[in-house]
Amino acid sequence: YQSYLPEGHMELDNALFAPMIIAGKPAGIMGLGNKEGGFNERDARNAMAFAELSAIALRNSRDLKLLADSEARFRQLFENMSSGVAIYDVIGDGEDFVFRDINPTGARIGRLAPEEHIGRSVRDVYPSVEEIGLFSVFQEVWRTGMPRHHPTTLYKDERFEFWVENYICKLPSGELVAVYDDITEKRRTELAL
């Protein structure tokens with residue numbers, strides 16, 4: 001083992017190595033050296049236990065990095081989509097849906113800043129959501145877990161009106177997601193023909 005040590009490493013009179021295993025594959029090796037009197041079986045068991053704990057820590061560190069990378073990818077997609085995306089927390093058994101997050105496109109479609117959505121009921125922010133049948137689609141998707149398309153509908157309240165098309169799904173976390181597009185210009189063109 002002396003030949004594997006980097007230049008300038010202290011001399012080893014004795015050494016004990018334990019593999020660090022992650023998902024059945026070697027991920028590293030933990031080495032101990034220069035124990036007065038040498039290593040024994042108890043030292044080997046302790047080294048294996050420490051190597052196992054080190055492997056768990058290494059795996060957790062890798063998992064956290066993968067999770068952070070995944071979150072960064074999701075955030076980039078979410079922030080830059082051309083469609084509006086809103087994520088809702090479900091209140092009770094689908095009695096209400098509260099904005100957890102909304103992307104810039106979604107806020108722009110709704111003519112409100114993102115912070116004017118977050119933490120508020122969809123019915124408070126968009127009072128006509130029940131009238132156009134979208135709220136009942138939210139409830140159905142919440143109950144069944146089956147995604148639904150809500151066809152092109154004219155949304156109108158005291159602030160504005162626009163044609164919107166929605167796709168609603170339920171995440172494994174229980175949150176609801178609406179992906180939607182303002183198709184007002186397309187609809188005006190179709191109606192003009």
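A residue counts as buried when its relative accessible area is under 20%, as exposed when that area is over 50%, and as partly exposed in between (1.4 Å probe, protein chains only). What you are looking at is a predicted model, in which local features need pLDDT of at least 70 and side-chain atom pairs count only at pLDDT 80 or more, while totals for chains, interfaces and linings use all residues. Residues are numbered from 1 along each chain as its sequence is written, and side-chain values use heavy atoms, with hydrogens and water left out.

Let's start with helix α1, residues 41-80; helices here are DSSP runs (H or I, at least four residues), as are strands (E, at least two), numbered from the N terminus. At 1.5 Å a residue, the 40 residues of α1 should span 58 Å, and this agrees with its end C-alpha atoms, which are 58 Å apart. The expected span is 1.5 Å times one less than the number of residues. Buried in α1 are Asp43, Ala47, Ala51, Ala55 and Phe78. Their cover includes β1 (15-22), β2 (25-33), β3, β4 and α2 (104-109), where contact means heavy atoms within 4.5 Å. Leu53, also in α1, is exposed instead, with a relative accessible area of 54%.

Now turn to helix α4, residues 134-144, whose buried residues are Leu134, Phe135, Val137, Phe138, Val141 and Trp142. These lie on the same side of α4, because they cover an arc of only 160° around the axis, taken from the directions from the helix axis to the C-beta atoms. They pack against β3 (84-91), β4 (96-102), α3 (122-125), β5 (148-156), β6 (161-170) and β7 (176-182). Just after α4 comes Gly145, with a positive phi of about 80°.
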